[in-house]
Amino acid sequence: MSQPSATEERLEHLKHYFIDSDQQFEASKMGMWVFLVTEILFFGGLFLAYIVYRAWYPELYLLASEELHTFWGAVNTVVLIGSSLTVAMAIRSAQLNQIKGLIINLWITIGLACVFMVIKYFEYAEKFGKGILPGGYYTYEGIEHEQANIFFSIYYMMTGLHGIHVLVGIGLMLWLVYKAKKKVFHSGYYTPVEITGLYWHLVDIIWIFLFPLLYLID
Amino acid sequence: MSGHHISSAKFLWGVALALFVLTFITVAVTWIQIPEPWNIVVAIAIAVVKALIVVAFFMNLWWDSKFNVLLFIMSIAFFLLLIGITLLDTLYRVDPVPSF
């Protein structure tokens with residue numbers, strides 16, 4: 001303890017009300033997990049709506065799901081899992097003090113997130129063009145079911161809320177890149193990278209469920 | 001130091017590869033038409049396995065403090081409670097919401 005380490009420890013991130021960096025890190029991470037609990041229950045309401053209406057109109061889901069392109073859903077699944085990998089690599093880079101690797105991995109993640117949103121944009125645009133709009137704006141005639149709009153209301157709410165989360169994630173990671181370039185992060189302090197990573201993985205998990213539930217039921 | 005587990009790059013790639021394979025399997029099982037309730041069961045089961053892999057090895061809950069594991073488990077428990085109690089109502093209605 002009395003010996004100062006060879007590389008001087010940076011402690012400017014440490015708030016005075018924490019004993020040490022580890023305690024601060026653990027507190028932040030626990031706070032993030034509490035937030036993720038609220039996120040799970042937030043999306044949970046929509047998953048519940050999906051379940052209730054699927055129990056009421058099972059045949060509607062099978063019919064309406066044919067309007068969704070399994071191929072593009074699968075591509076987006078692969079894109080998001082890939083971005084989860086690069087976020088995990090970004091955290092690993094930060095833990096090893098490889099700030100260049102951290103920035104590169106963050107940029108790849110941002111790129112993959114943008115690919116996801118672009119694919120989603122084309123999916124939405126194609127449906128809007130056909131008159132497949134949520135709720136009362138639904139005018140598509142191609143599905144032989146009175147309540148066809150219900151499936152797409154649920155589809156737009158679930159994928160829309162998920163898409164908003166992806167956009168927020170892109171914003172957070174741009175902020176991380178900015179901070180990393182200012183040399184804020186190092187192996188002793190990378191809490192924002194870890195926390196954003198947890199958020200991003202949750203967004204990935206939500207999609208892991210949305211893909212089979214929406215795209216794969218026909 | 002429970003919060004500072006450093007995974008090797010090889011391990012992280014392995015986790016991603018497992019997730020890619022499971023994604024392929026979940027698409028592939030729709031090609032062989034599994035009869036009614038079981039196709040849903042298989043799809044959900046694969047999604048749950050994928051989600052648990054992400055939670056355990058990408059979100060590092062495997063090495064994390066037990067309290068964070070407890071938080072996660074409680075959120076799932078309350079989500080299941082929400083589904084269960086709601087279905088006790090909606091599944092047994094004589095007339096589902098009439099005009100909606």
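**Questions on a predicted model**

Author: In this predicted model, N60(B) lies in the loop that joins α2 (36–58) to α3 (66–90) of chain B.

Reader: Is N60(B) buried or exposed?

Author: The cut-off for a buried residue is a relative accessible area under 20%. Because the relative accessible area of N60(B) is 12%, this residue counts as buried.

Reader: What is the phi of N60(B)?

Author: Most residues other than glycine have a negative phi. N60(B) is a residue other than glycine, yet its phi is positive, with a value near 60 degrees.

Reader: Where is N97(A) found, and what is its relative accessible area?

Author: N97(A) is found in the loop between α3 (70–95) and α4 of chain A, and although it is not a glycine, it has a positive phi of about 70 degrees. Partly exposed residues fall between the buried limit of 20% and the exposed limit of 50%. N97(A) counts as partly exposed because its relative accessible area is 43%.

Reader: How are α4(A) and α5(A) oriented relative to each other, roughly parallel or roughly antiparallel?

Author: Helix α4 (residues 99–130) of chain A packs with helix α5 (residues 148–181) of chain A at an angle of about 155 degrees, and their axes are 9 Å apart. Angles over 145 degrees count as roughly antiparallel. The angle therefore makes α4(A) and α5(A) roughly antiparallel.

Reader: How many residues of the contact of α4(A) with α5(A) are nonpolar?

Author: The contact belongs to a left-handed crossing of α4(A) past α5(A). Its residues include 5 polar and 4 charged ones, and the nonpolar residues number 23.

Reader: Which residues does H201(A) touch, not counting those up to four places away in sequence?

Author: H201(A) is found in helix α6 (residues 191–215) of chain A, and it counts as buried because its relative accessibility is 1%. Not counting residues up to four places away in sequence, H201(A) touches residues of chain A and of chain B, namely S84(A), V87(A), A88(A), V54(B), F58(B) and M59(B).

Reader: What is the radius of gyration of chain B?

Author: The secondary structure of chain B comes to 3 helices and 0 strands, and its C-alpha atoms fill a box of roughly 55 × 40 × 20 Å along the principal axes. For 100 residues the globule rule gives 13 Å, and chain B is well over that, so it is more spread out than a compact globule, with a radius of gyration of 19 Å.

Conventions:
Residues numbered from 1 in each chain as written. Chains lettered and ligands numbered in written order. Predicted model: local features only at pLDDT ≥ 70, side-chain atom pairs only at ≥ 80, totals over all residues. Heavy atoms only, no water. Axes fitted to C-alpha atoms, helices over the stretch in contact; angles between N-to-C directions. Helix = DSSP H or I, 4+ residues; strand = E, 2+ residues; numbered from the N terminus. Parallel < 35°, antiparallel > 145°, perpendicular 65-115°, else oblique. Left-handed = near helix turned anticlockwise from the far one by under 90°. Nonpolar A, V, L, I, M, F, W, Y, C, P; charged D, E, K, R; others polar. Rg over C-alpha atoms; globule rule 2.2 N^0.38 Å. Buried < 20%, exposed > 50% of the residue type's maximum accessible area, 1.4 Å probe, protein only. Contact = heavy atoms within 4.5 Å.
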